[in-house]
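Let's take a walk through this one together. Keep the viewer open and click along as the residues come up.

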Amino acid sequence: MTYEFIAPCYFGTERSAAFDFKHVGATDVTVTDGRVAFRGDEQVLALANIFSRCTERILLLLKRARVKTFDELFDAVTSVPWEDLLPANAEFPVKGSSLSSQLSSVPACQSIVKKAIVERLKRGHHVGVLPEDGELYKVRFSIRKDELELFLDTSGDGLHKRGYRAHATEAPIKETLAATMVDLARVRGDSLMQDPFCGSGTLVIEAAQKALRMAPGLRRHFIAEHYSFVPQQVWQQARTRALDEIDRTASFEGIGFDLDPQAIELAARNARLAGVGDRCRFFAADVRKFAPDKRSIVITKPPYGERLGDLAGAAELEKALGEALAANPVQGLYIITADAEFEQNFGKKAGKRRKLYNGMIPCQLYMYF
Ligand SMILES: C[S@@+](CC[C@H](N)C(=O)[O-])C[C@H]1O[C@@H](n2cnc3c(N)ncnc32)[C@H](O)[C@@H]1O
């Protein structure tokens, strides 16, 4: 069976995100602001979840329809063959959103969608009651300008949850954004990557996994693993493929530094959990002593505070980073920050800039080649 999928992602990460879906054999991969759409079968569903580095989740699109009334919404939802997807005892919470639409009350839409699914399931499974005491199926809807999109979530926890960051330091970078930066920095199997403000190690770990072609979802579970229409062997095959693709011969090396010794310990632990502990080293060090090798690609997120005292401190660290890199030129430098004064403090204009979001916070990625 061929399905249509939508993978939401943060603005600016779409092109990096699309690559993973092409890699796993998805077809009709298209990119629009904040999402990647593609087609594929159950195998692609499993592989997309396991291999996607930059998107937030994989949604199975069940219906698109124009809905201006509750009746239209009800009819659109009941037209989906829910009985082919959900067993009679499925638990199926419904979540959604509405924007610039006549059906503006989300709770009201939510209850109509739920009612419509209940009606169709009762009919389809020939039962009078739905106990909802079985496996969890997550239904989502979105209504934008009166256009309904109805989905079944196949990921469960957001895909940024890789399963390696049990603990994080303050202001960690989101894993999916870190993966996008690593992609834009063109980290390869033989790269030497350094992060002078590594915190919990996210950028170093994402770089290592990318270099070793290690799928980010290998160490976690997805909600669709218990969806009855996705055969178990599909997941086994997808995991076997992900394991086979790991390139242990890659010479990649990742080095992280941070002033905070606790962060260093945490980063090393996270790297081990991520399966790249042997490729990543972490040291407690001040950025003022940063002297990267000239072969390095430096990818980092410097501290940036909201309070006034923090701002002055952040500016001083950006200056120190600029001086360290002027004295030790590297192959490529990729810095993400919400600080609009960054280039001034750093002392050099970026070759290229790109707007990216760390969660909801708008940032700029400054790229120096
Ligand atoms: C924005 S956080 C980095 C977060 C990291 N990317 C992660 O995912 O966890 C900035 C880090 O810079 C570190 N830091 C602050 N001052 C420093 C200095 N002078 N030298 C090196 N690291 C410093 C902080 O301890 C903090 O972990």
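We'll go from the ligand to the helices, and then on to a few loops and single residues.

Before anything else, keep in mind that this is a predicted model. The side chain of Ser200 has an N or O atom 2.6 Å from an oxygen atom of the ligand. For the side chain of Thr202, the corresponding distance to a ligand oxygen is 2.7 Å. Val287 uses its backbone instead: a polar atom there is 2.9 Å from a nitrogen atom of the ligand. How much of the ligand does the protein bury? On its own the ligand would expose 600 Å², and the protein buries 90% of that.

Ser200 also leads us to another residue, Asn270, whose side chain reaches the backbone oxygen of Ser200 at 3.1 Å. Asn270 is part of helix α9, which covers residues 261-273. With a relative accessible area of 1%, Asn270 is buried. Besides Ser200, and leaving aside neighbours within four places in sequence, Asn270 is in contact with Tyr164, Arg165, Ala166, His167 and Ile205.

Next, move to helix α7 (202-211) and pick out Ala208, which lies in it. Is Ala208 buried or exposed? Its relative accessible area is 0%, so Ala208 counts as buried. Setting aside neighbours within four places in sequence, Ala208 is in contact with Phe252, Val276 and Cys280. For a sense of scale, look from Ala208 across to Leu86: the two are 122 residues apart in sequence, and their C-alpha atoms are 39 Å apart.

Helix α6 spans residues 175-184, and nine of its 10 residues are buried, so the rest of the structure largely encloses it. The buried ones are Glu175, Thr176, Leu177, Ala178, Ala179, Thr180, Met181, Val182 and Leu184. Just past the end of α6 you'll find Arg186, with a positive phi of about 55 degrees.

Now for helix α2, residues 42-51. Why can we call it largely enclosed by the rest of the structure? Because nine of its 10 residues are buried. Those residues are Glu42, Val44, Leu45, Ala46, Leu47, Ala48, Asn49, Ile50 and Phe51. Their cover includes β1 (3-8), α1 (14-23), β3 (35-40) and α8 (232-245). Have a look at the start of α2 as well, where a side-chain oxygen of Asp41 comes within 3.1 Å of the backbone nitrogen of Gln43.

Follow the chain out of α2 and you reach Ser52, in the loop between α2 and β4 (59-66). Which way does Ser52 go, buried or exposed? It has a relative accessible area of 1%, so it is buried. The side chain of Ser52 makes a polar contact of 2.6 Å with the side chain of Thr55. Among the residues beyond four places in sequence that Ser52 contacts are Asp20, Phe21, Leu47 and Arg162.

In strand β4 itself, find Leu62. Not counting residues up to four places away in sequence, Leu62 touches Val80, Trp82, Leu85, Leu150, Phe151 and Leu152. Leu62 and Tyr3 are 59 residues apart along the chain, yet their C-alpha atoms are separated by 8.3 Å.

Last stop: the loop between β6 (138-144) and β7 (147-153), where Lys145 is found. Asp146 is in that loop too. Lys145 has a positive phi of about 50 degrees although it is not a glycine, and Asp146, also not a glycine, has a positive phi near 70 degrees. Asp146, in contrast, is buried, with a relative accessible area of 9%.

Methods: Residues numbered from 1 in each chain as written. Predicted model: local features only at pLDDT ≥ 70, side-chain atom pairs only at ≥ 80, totals over all residues. Heavy atoms only, no water. Buried < 20%, exposed > 50% of the residue type's maximum accessible area, 1.4 Å probe, protein only. Helix = DSSP H or I, 4+ residues; strand = E, 2+ residues; numbered from the N terminus. Contact = heavy atoms within 4.5 Å. Polar contact = N/O pair within 3.5 Å; in protein donor to acceptor, adjacent residues only side chain to side chain. Areas by Shrake-Rupley, 256 points an atom, 1.4 Å probe, with all protein chains shown as cover.
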